[in-house]
Amino acid sequence: MIAPKLAITDSDLSSTAADVVVIGTTQGPAGPVLAGASEAVDAAFDGGLLGVLETLGAGGKAEEVVSVPTFGKLAAPVVLAVGLGKPAADGSVSEDQVRKASGAVARALAGRKRAVTTLSALHLGPAVEGTLLGGYAFTDYKSAKGDGPVARVDLVAPAEGTKRAHNATVKASTAVAEAVAAVRDFVNTPPNDLYPASFAERAAALAKAEGLDVEILDEKALRKQGFGGILGVGGGSSRPPRLVRITYRGAKAAKKVALVGKGITFDTGGISIKPAAGMDEMTSDMGGAAAVIATVVLAAKLKYPLEVTAWAPMAENMPSGTAYRPGDVLTMYGGKTVEVLNTDAEGRLILSDAIVRACEDAPDYLIETSTLTGAQVVALGKRTSGVMGTEEFRDRIAELGRAVGEQAWAMPLPDELRGDLDSRVADIANVAGHRFGGMLTAGVFLREFVPEGVTWAHIDVAGPSFHSGGPYGYTTKGGTGVPVRTLAAVLADIAANG
């Protein structure tokens, strides 16, 4: 990731030799209101900065960016005022408001050499994350790269805390943003270059750079060990499947967490082929695997006192003479049989193999994430993940996701849906005979492969993992990196509270 150099500053804003000074505004009842740490900038305008902003049409609306020339009143020639939106009743703003505003202004700073931001004085970590993620751009395949992100951003320190603590926050938040950016890079890489073998190699390189244990099972090892779901789905492609295991063992690890992510590097739907329109977005169908890979590497960087293992089953779902068919019966890892009624419900097949294998290591918690169902988008939209599983843990994850700005909503796993998966010839069918509650039915299917007593959750990110529109906040077009920050928050919470 090409990113600006970040540094804490306590210098006088009026004399800081930057190209731009960034301030925040909130949306007041009668116009914009200056957010915290903007006093020195306003003083340079003799208390008239708000009047200038109002003249220029600023209202403090979320992500509104207004440029004000300083005419020598500051060492920096330009002030950028970015809207934070409506504040709380006490005048405060949330962490995600700062994160989104920092992302919006990061794009406005593209091509600049140096900026200083006061948003960091409001919430330091979110300002770091927003700055790095909002300025993200994937240009690996472009001849004209365009303006890169601002080269350097000085962060005005919060009033409370020590410089050492502030630097630690910058370091940790940078690691989180780098993990999100790594997922975006994986998702945005086209499938002719990112296929199971190359994906596994890139994942291994990331993990080994942090000294983590890596195991990659190729098609021969998968066949020998009986991973029928992964082999079945990957059988139609000339590029065979893989299963990647990455393990981090933290010092004094009190809990063991398994992370499982879906790694379909391209999904045509197989014999049950998808419509052509929008199929190109199926390059993102490996977003869950990318998220768990990046998260286990992040856990190592942040030195969580946990044992975390990421399991990433990887396959291409392609139609061919060797592809699996509707009507086939697959023998999954662990021996359960599945009747395939729809080859486009492939994610649950590779995930079930990985879930059963992960549970053999007796994790205290298992979290699986995947771009699993179009029904998630129908039910919750493009920006809200559906969370299912053990109820208390499910609710915990959804709440932590919302706290870090990744919208998530707890969903049920109704027992009556299990009967809809009964098979004529096998232990279970991979889809129901109707489309009602498709997201929940997929979760019920996965539950069949989780042993009794394992606390688990399934996060369906079919919509939130990929953004096809224009940028907003700290979200750019293409891969979003969801749900890395949720997973990181859950691991931190387990480390702190068990």
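Modeller: The model is a predicted one, and it holds 24 salt bridges.

Colleague: Which residue forms a salt bridge with Arg-114, and how far apart are the closest N and O atoms?

Modeller: A salt bridge requires a side-chain nitrogen of Lys or Arg within 4 Å of a carboxyl oxygen of Asp or Glu. Here the partner of Arg-114 is Asp-154, with the closest N and O atoms 2.6 Å apart. Arg-114 belongs to strand 6 (residues 114–117) and Asp-154 to strand 7 (residues 152–156), so the bridge ties together parts that are 40 residues apart in sequence.

Colleague: Is Asp-154 buried or exposed?

Modeller: Buried means under 20% relative accessible area, and exposed means over 50%. Asp-154 has a relative accessibility of 1% and therefore counts as buried. Arg-114, at 22%, is partly exposed.

Colleague: With which residue does Glu-215 form a salt bridge?

Modeller: Glu-215 pairs with Arg-245, the closest N and O atoms being 3.1 Å apart. This pair links distant parts of the chain, 30 residues apart: Glu-215 is in strand 8 (residues 213–217) and Arg-245 in strand 9 (residues 242–249). Glu-215 is partly exposed at 31% relative accessibility, whereas Arg-245 counts as buried at 17%.

Colleague: Where do Arg-447 and Asp-415 lie?

Modeller: These two residues form a salt bridge whose closest N and O atoms are 3.3 Å apart. Arg-447 lies in helix 13 (residues 438–447), and Asp-415 in the loop between strand 17 (408–410) and strand 18 (428–429), so parts 32 residues apart in sequence are tied together. Arg-447 is partly exposed, with a relative accessible area of 24%, and Asp-415 is exposed, at 59%. Elsewhere, salt bridges with shared partners join Asp-96, Arg-99, Lys-100, Glu-129, Glu-406 and Arg-485 into one network.

Colleague: Which residues does UniProt list for "binding site"?

Modeller: The unreviewed UniProt entry lists Asp-267, Asp-344 and Glu-346 under that heading. They are spread over 80 residues of sequence, yet they cluster in space, with a largest C-alpha distance of 8.7 Å. The lining of the largest pocket includes Asp-267, Asp-344 and Glu-346.

Colleague: What surrounds Asp-267?

Modeller: Asp-267 is found in strand 11 (residues 263–267) and is buried, at 2% relative accessible area. Beyond its neighbours within four places in sequence, its contacts include Lys-274, Asn-317, Asp-344 and Glu-346. Its side chain also reaches the backbone nitrogen of Gly-269 at 2.8 Å.

Colleague: Where is Glu-346 placed?

Modeller: Glu-346 is in the loop between strand 14 (337–339) and helix 10 (347–359), and counts as buried at 1% relative accessibility.

Key:
Residues are numbered from 1 along each chain as its sequence is written. This is a predicted model: local features need pLDDT of at least 70, side-chain atom pairs count only at pLDDT 80 or more; totals for chains, interfaces and linings use all residues. Side-chain values use heavy atoms; hydrogens and water are left out. UniProt positions are given in the numbering used here, feature names are shortened, and annotations may be inferred rather than shown by experiment. On a 1 Å grid over the protein atoms alone, a cavity is a set of points where a 1.4 Å probe fits but cannot get out, and a pocket is an open set with protein on both sides within 12 Å along at least five of seven lines; lining residues have an atom within 4 Å of a point. Helices (H or I, at least four residues) and strands (E, at least two) are DSSP runs, numbered from the N terminus. Buried means under 20% relative accessible area, exposed over 50%, partly exposed in between (1.4 Å probe, protein chains only). Contact means heavy atoms within 4.5 Å. A polar contact is a pair of N or O atoms within 3.5 Å; within protein, one must be able to donate a hydrogen and the other to accept it, and residues adjacent in sequence count only if both atoms are side-chain atoms.
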